[in-house]
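Here is a colleague's note to read alongside the structure, written as numbered points. Please keep the sequence and the 3D view open while going through them.

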Amino acid sequence: MSLLEIKKLTKNFGGLSAVSMVDMTFEKNELVGLIGPNGAGKTTLFNLLTGVYVPSEGTITLDTDKGPVVLNQKSPHQISDLGLTRTFQNIRLFHELSVLDNVKIAMHSKKGVSLWHSLCRTSKYYQNEKELSEQALELLTLFNLQDKQDVLSKHLSYGEQRRLEIVRALATNPRILFLDEPAAGMNPQETAELTELIHKIQQDFNITVVLIEHDMSLVMSICQRIYVLEYGRLLAHGTPDEIKQNKAVIKAYLGGE
Ligand SMILES: Nc1ncnc2c1ncn2[C@@H]1O[C@H](COP(=O)(O)OP(=O)(O)OP(=O)(O)O)[C@@H](O)[C@H]1O
Ligand SMILES: [Mg+2]
């Protein structure tokens, strides 16, 4: 099976079907785009895949070392432990903590030292803290945030906060990374740099990246495949070239003819 398969996935809010009978597959180590007009259901789909919402219908199945696991009823925490991590459309950081601590907290959630070692400040605690700091700094360096490690995250520029969000997500060592509009609000140069970085992490970290993005040049330049949603339904699926020429997609984006 594919790394992640969703079948007939549906989420109803009262009378509104935000996601409706959607089938998708995601393979190991690929970069997939998810596009569609405002309100198409993109973020809702991420919320379903990461356990924020329970599906109304359909199945989400992840291929793991121990065989296929259905994620439908799992909590966000369980799903994160299985290697699915996301960033949010609205940045979510610990504003009063340093950049480095923001990353270390994300790592702690994955491989913490026991409470006993932490409370007693044992040598194991210090050893672990040192390793975490080193790994965090490595990630920050990759995203050119190493000089900001001691700065409170609220004092970062907007683009830097977006990059820190991605670093925090990567710090959990994911198998699949879901990025919800990572370039939103960035200037063209920041967007171009981020595009390269996303491509690089997908290759260097050997992970699957699913990218929601309104910036078409970003999506078209790095994604291998693209899914298009409209009104909660799957409108089209294909390579960037196929999507660019797809009449239904052009109509959904430009309206009319
Ligand atoms: N918790 C909720 N309760 C009720 N309706 C919701 C809820 N979450 C999303 N919706 C509705 O579901 C639809 C899809 O919303 P969603 O946020 O998934 O769209 P999107 O594709 O991410 O849009 P955008 O590009 O603007 O971020 C919208 O009509 C939205 O109003
Ligand atoms: Mg959204």
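1. Let us begin at helix H10, which covers residues 247–254. At the start of this helix, a side-chain oxygen of Asn246 comes to within 2.9 Å of the backbone nitrogen of Ala248. Please bear in mind that the model is predicted.

2. After H10 comes Gly255, and the phi angle of Gly255 is positive, with a value near 75°.

3. We can now turn to the ligand and its surroundings. Ligand 1 is surrounded by 15 residues, and the closest of them are Gly39, Lys42, Thr43, Thr44 and Gln89.

4. Which elements supply at least two residues each to the shell around ligand 1? Strand S2, residues 16–26, does so, and so does helix H1, residues 42–49. The largest share of this shell is the one from H1, which amounts to three residues.

5. A polar backbone atom of Gly41 is 3.0 Å from an oxygen atom of ligand 1, and a polar side-chain atom of Thr43 lies 2.8 Å from an oxygen atom of the ligand. As for the surface of the ligand, ligand 1 taken alone exposes 640 Å², and 65% of that is buried by the protein.

Conventions: Residues are numbered from 1 along each chain as its sequence is written. Chains are lettered from A and ligands numbered from 1 in the order in which they are written. This is a predicted model: local features need pLDDT of at least 70, side-chain atom pairs count only at pLDDT 80 or more; totals for chains, interfaces and linings use all residues. Side-chain values use heavy atoms; hydrogens and water are left out. A residue is near a molecule or strand if one of its heavy atoms lies within 4 Å of it. A polar contact is a pair of N or O atoms within 3.5 Å; within protein, one must be able to donate a hydrogen and the other to accept it, and residues adjacent in sequence count only if both atoms are side-chain atoms. Accessible areas come from the Shrake-Rupley method with a 1.4 Å probe; for residues, only the protein chains shown count as cover. Helices (H or I, at least four residues) and strands (E, at least two) are DSSP runs, numbered from the N terminus.
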